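Student: I have a model open and would like to learn how to read it. Can you take me through some features?

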Amino acid sequence: EGNERYTTEQILASANINVGDKLYSFSSRIAEDNIKMYCPNVKDIKVKRTPPGKIVLTVEEEEAYYWADFYGEIRAMTKDLRVLGGINQDDAASLIKIKLPEVSRAVAGETVVFKQGECKYVFEVALAAADSALVTRLGTVDLTNPNDVMITCDGKYILKLEEYKDSAAKLKIASKVLEDELFANDNKATIDLSELSNTGVVIDNQLVID
């Protein structure tokens, strides 16, 4: 129950549960771990056994927010940067592109691991962007430098957060700023959010928006 991305056959095959098995012939924990390994978009799964021979697997699937290029392969990612399955360019177009610091491990079903350590700022900004009112308008979140965080919006604005701290508050301010009639045209602009108390706007139609 609850599976959309994966078929019932895929879920059962991943769990290694087959018709004819005894009701308690398998470990629920191992079945859950196997499903998450082979079906990385599964966030959680509950196993319920009802004698004499009924098993219900309730599946909760993960929502993709981001995409990133790992070693030449495009993969979707959750808002807390758990790596999901590979996707094509068409599917990636509906997600936010995320530029990350150098990665040491990006395995489907697991949270991405960075070469330079924990990189807590990456997770903080990624969550803030995914939870912001602008989430459906964002194009690229550049997190390669913790002191030069930039986010594109609507294909014509660059949001300069600079330091990653207070990223949720900065994006909230950006959302309010973009309601101004100044942005009711096709002008490109940089919105400087580096200081919470002093937001700056520079109109520049020569901007190159990634």
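Tutor: We will go through a helix, a pocket, a few loop residues and some backbone details. Keep in mind that this is a predicted model.

Student: Let's begin with helix H5. Which residues of H5 are buried?

Tutor: Buried means under 20% relative accessible area. H5 covers residues 167-177, and its buried residues are Ser-167, Lys-170, Leu-171, Ala-174, Ser-175 and Val-177.

Student: How do these buried residues fall when seen down the axis of H5?

Tutor: They fall within an arc of 165°, so they line one face of the helix. The face turned away from that buried side carries Lys-172 and Lys-176, which are exposed.

Student: Now a single residue. Where does Ser-132 lie?

Tutor: Look in the loop between helix H4 (120-131) and strand S9 (138-142).

Student: Why does Ser-132 count as buried?

Tutor: The cut-off is 20% relative accessible area. Ser-132 has 11%, so it is buried. Its side chain reaches back to the backbone oxygen of Ala-129, at 3.0 Å. Setting aside neighbours within four places in sequence, Ser-132 is in contact with Leu-138 and Leu-171. Leu-171 is one of the buried residues of H5.

Student: And Lys-79, where is that?

Tutor: Lys-79 sits in the loop between strand S4 (73-77) and strand S5 (83-86).

Student: What does the side chain of Lys-79 make a polar contact with?

Tutor: The partner is the side chain of Asp-131, at 2.8 Å. Lys-79 also touches Tyr-65, Tyr-66, Ala-126, Leu-127 and Ala-130, not counting residues up to four places away in sequence.

Student: Which strand gives the most to the lining of the largest pocket?

Tutor: Strand S2, residues 54-61, with three residues. Sort the lining by class and you get seven nonpolar, three polar and three charged residues.

Student: What about the backbone? Which residues does a cis peptide bond join?

Tutor: Check omega for this. The cis bond joins Pro-51 and Pro-52, with omega about 10°. Pro-52 is in the loop between strand S1 (42-50) and S2.

Student: I also want to read phi. What is the phi of Asn-16?

Tutor: Asn-16 has a positive phi of about 60°, although it is not a glycine. Find Asn-16 in the loop between helix H1 (8-15) and helix H2 (28-38). At 54% relative accessibility, Asn-16 counts as exposed.

Student: Where does Asp-166 lie?

Tutor: In the loop between S11 and H5. Asp-166 has a positive phi as well, near 60°, and is a residue other than glycine. With 45% relative accessibility, Asp-166 counts as partly exposed.

Technical notes:
Residues are numbered from 1 along each chain as its sequence is written. This is a predicted model: local features need pLDDT of at least 70, side-chain atom pairs count only at pLDDT 80 or more; totals for chains, interfaces and linings use all residues. Side-chain values use heavy atoms; hydrogens and water are left out. Helices (H or I, at least four residues) and strands (E, at least two) are DSSP runs, numbered from the N terminus. Buried means under 20% relative accessible area, exposed over 50%, partly exposed in between (1.4 Å probe, protein chains only). A polar contact is a pair of N or O atoms within 3.5 Å; within protein, one must be able to donate a hydrogen and the other to accept it, and residues adjacent in sequence count only if both atoms are side-chain atoms. Contact means heavy atoms within 4.5 Å. The arc is that of the directions from the helix axis to the C-beta atoms. Ala, Val, Leu, Ile, Met, Phe, Trp, Tyr, Cys and Pro count as nonpolar, Asp, Glu, Lys and Arg as charged, and the others, Gly among them, as polar.
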